[in-house]
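The sequence and structure come next.

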Amino acid sequence: MAEAHQAVGFQFTVRPDGVDLKLSQEVIKNIYLSGVTAWKKRAIQFKNGVLAGVYPASPSSWLIVVIVMMSSLYTRIDPSLGMIDTIKENLPYRDCMSVQTRAVMSSIMFATGLWIFLIYLLRYTLKALLSYHGWIFESHGKMSTSTKLWLSLVKMFSGRRPLLYSFQASLPRLPVPRVDDTIRRYLESVRPLLDDEQYNQRMILANDFKDSKAAQLQRYLILKSWWATNYVSDWWEEYIYLRGRSPIMVNSNFYIMDLLYVTPTHRQAARAGNLVHAMLQYRRKLERGEHAPLRALGTVPMCSTQMERMFNTTRIPGIETDIVQHLTDRKHLVVYHKGRFFQVWLYTGGRHLLPSELETQFQRILNDTSEPQPGELKLASLTAGNRVPWAQTRIKYFSQGVNKVSLDAVESAAFFLTLDDEPQGYDPAKTRSLDSYAKSLLHGKCYDRWFDKSFTLISYPNGKMGINAEHSWADAPIVGHMWEYVLSTDCFHLGYTEEGHCKGDVNKGLPSPTRLQWQIPKECQEIIEKSFISAKQIADDVDFHGCLFTEFGKGLIKKCRTSPDAFIQLALQLAQFRDQGVFCLTYESSMTRMFRDGRTETVRSCTSEAVAFVRAMEDQGATKAQRLALFRKAADKHQNMYRLAMTGAGIDRHLFCLYFVSKYYGVDSPFLKKVLSEPWKLSTSQTPQQQLNLVDINKFPKYVGAGGGFGPVADDGYGVSYIIVGENLITFHISCKFSCPDTDSYRFGQHIWKAMHDIQELFKPENDNKVMEHGRHVHLENGKKHI
């Protein structure tokens with residue numbers, strides 16, 4: 001009863017002599033503190049907005065320019081070349097001012113204009129410097145004098161202590177490649193997949209397009225690239241993600257796992273409390289723009305636009321297209337547990353709930369024994385099924401009354417939390433435990449994740465956690481950035497008591513979480529059940545295998561003087577050929593975040609050089625030297641393609657935009673239709689690790705994440721996500737479909753394992769000094785021992 005009284009802000013009684021009003025001092029105090037916090041937040045956001053807006057200059061530099069200009073009033077030197085006098089003579093109301101006042105005002109106005117001009121000069125100079133990408137094509141470990149000079153200039157013009165969005169205005173725009181270059185690279189990419197007759201037909205289509213329609217379509221793209229900040233990203237988000245009418249569960253959403261070997265506490269409510277609190281800390285820094293921007297080489301900035309919609313974001317279903325709804329300053333989250341939805345407030349007295357307070361709230365939900373309301377248990381399966389039925393159902397049954405109030409609470413929440421009732425996680429004592437963990441994160445029971453939220457945080461009874469993320473608003477590295485911050489904060493800053501509880505005093509005076517109320521009629525329940533059945537068919541068809549490759553990692557690969565990514569991609573090509581007996585169109589995701597609003601580009605990994613290398617590996621007559629030479633050639637080719645993709649000279653985004661423009665203007669292009677209809681039977685992606693470097697994994701080798709993965713892209717193909725973790729671990733997340741008789745995720749994992757070993761064998765002469773000493777790997781280099 002005490003909690004109920006605290007939840008009431010005021011009470012009043014109407015009497016014959018007037019109204020008796022009673023106010024709760026505790027609530028009034030909370031309202032006051034909330035207001036103070038809100039104004040502080042606005043002030044900090046305004047200050048950081050100003051700092052980012054004038055970057056790479058600073059507000060204090062304005063004062064310096066003003067002082068310099070004011071000093072000219074007392075000297076015979078006029079740095080303005082007479083402009084101050086001109087301003088003085090044209091000031092409004094100058095007759096009402098003294099001569100000295102007019103002089104001061106003119107100097108301040110000229111200094112302000114000069115300061116703004118210098119800001120834009122610095123900004124466009126930095127943009128011009130960042131448009132240079134020659135550095136990325138230089139050999140690893142070697143840097144030319146011109147690149148060193150360029151790097152020094154970038155550092156000089158980058159200013160000090162940049163905020164998250166400081167570089168946004170200085171990032172160059174994504175360039176539109178020349179049509180001739182894109183078509184040439186495209187034909188080169190499909191050559192190993194086509195016989196001579198097929199290739200000649202494809203070349204005829206390509207040349208016909210280039211000679212007839214390409215120039216007109218290209219002009220529209222160039223015009224858009226001048227007008228928009230990015231000529232690809234808005235179309236990519238809408239037409240690749242939001243206009244898709246098929247289920248987003250498995251087909252679009254992806255997952256990220258918890259720490260691989262460490263579980264800081266086995267108390268579910270405590271672990272969830274720490275992680276939610278760490279996420280609120282991350283969100284606060286994100287809203288204020290206080291995170292440091294990511295920078296390649298520690299200098300070249302990456303675009304931060306995608307991070308803006310990480311929290312308070314939901315994908316809203318539509319009949320023809322979905323929209324991404326992003327709100328600001330959401331103060332609650334919605335928790336799902338055993339078929340019930342609960343609303344939990346994240347603030348009290350103008351501050352975030354402490355980890356111990358969050359633990360208390362989550363434990364109350366876990367202890368709640370109430371039953372789900374009719375239709376509530378599988379309600380979230382609407383977000384897992386086809387988009388059109390979900391959009392129609394939302395309009396018909398959730399646009400008014402209590403259902404609208406509850407749905408608004410879900411869609412406006414900071415994020416969604418699921419308290420699962422079945423333990424998951426990697427357990428070396430259990431066979432394929434990683435497979436079960438991945439499937440739980442990817443689709444769960446098809447009704448216990450809200451797949452439309454920007455991300456669903458998933459908590460398991462054994463203390464393990466994970467994330468299921470919606471893909472339209474951002475790519476995996478963005479969510480990974482947040483996840484690294486949260487896990488390091490959880491383990492190394494917040495911590496737990498000896499009993500495994502969150503640190504801090506327990507506040508039992510908090511209002512309990514409130515149940516969301518639903519009134520779901522029978523007709524709607526039938527639609528929910530149909531959506532669940534549809535989603536379950538998709539989930540049951542996912543064949544998944546998680547593979548921890550611990551034989552060697554990035555450390556040994558680099559000693560072989562090759563790129564770890566190229567090494568793994570060539571191993572995947574060898575594994576694909578051994579598994580299927582044929583080569584296929586291969587997708588590898590590359591980022592384009594060195595450009596404003598950049599997202600991804602495709603690297604077509606199945607090259608002629610890769611095919612030649614794989615055939616040599618399968619040719620018993622080929623020597624080790626021949627195979628090694630072909631490997632190096634294929635690796636160099638892959639690296640060059642990856643660099644081209646990163647620098648805006650990729651193939652697929654350009655062709656996609658040309659196709660979109662052709663459809664908009666009613667231009668029929670058989671070539672573009674053919675390109676856009678080609679299936680990616682092998683879809684791969686590398687998830688970056690250690691973006692923030694908050695944890696020294698050499699000092700704490702057990703505190704490494706297992707990365708994440710995604711569902712298969714093609715019905716008869718594989719999806720492979722791999723994560724290079726530290727120096728001695730590579731994790732593979734392999735998915736395909738049970739319904740395809742030709743694919744098997746476990747078998748493909750075995751092929752990857754053997755391919756990695758077979759390629760490493762090619763370098764054995766360079767590593768013959770490898771010996772075993774006291775059960776530990778010891779490498780001998782130039783007669784010196786390195787453990």
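## Strand β3 and its partners

Strand β20 covers residues 708–710 and pairs with β3 in the antiparallel sense over 3 bridges; pairing requires at least two DSSP bridges between two strands. β3 also pairs with strand β14 (residues 465–469), again in the antiparallel sense, over 4 bridges. In that pairing I256 stands opposite I467.

Both faces of β3 (residues 254–257) are covered. F254 and I256 are buried on one side, Y255 and M257 on the other. Buried means under 20% relative accessible area, exposed over 50%, and partly exposed in between, with a 1.4 Å probe and protein chains only. Strands (E, at least two residues) and helices (H or I, at least four) are DSSP runs numbered from the N terminus.

## Basis of the values

Residues are numbered from 1 along each chain as its sequence is written, and side-chain values use heavy atoms, with hydrogens and water left out. Because the model is predicted, local features need pLDDT of at least 70 and side-chain atom pairs count only at pLDDT 80 or more, while totals for chains, interfaces and linings use all residues.

## S685 in strand β19

S685 lies in strand β19 (residues 682–686). It counts as buried because its relative accessibility is 19%. Leaving out residues up to four places away in sequence, S685 touches S589, F710, V720, S721 and Y722; contact means heavy atoms within 4.5 Å.

## Helix α7

Helix α7 (residues 179–190) has 12 residues and should span 16 Å at 1.5 Å a residue; its end C-alpha atoms are 17 Å apart, which agrees. The expected span is 1.5 Å times one less than the number of residues.

Of the 12 residues of α7, 9 are buried, so the helix is largely enclosed by the rest of the structure. These are V179, D181, T182, I183, R185, Y186, L187, S189 and V190. Their cover includes α8 (196–212), α9 (214–227), β18, α21 (624–646), α22 and α23 (670–677).

## The cavity

A search of the whole structure finds 1 cavity of 30 Å³ or more. The largest cavity holds about 110 Å³ of space. Of its 16 lining residues, L174, V232, T592, T600 and R653 are the closest to its centre. A cavity is a set of points on a 1 Å grid over the protein atoms alone where a 1.4 Å probe fits but cannot get out, and lining residues have an atom within 4 Å of a point. Grid points are joined across faces, edges and corners, and the volume is the space filled by probe spheres set on them.

At least two lining residues come from each of α10 (233–242), β18 (600–604) and α22 (652–664).

Definitions and conventions: 1 Å grid on protein atoms, 1.4 Å probe; cavity = no way out; pocket = protein on both sides within 12 Å on 5 of 7 lines; lining within 4 Å.
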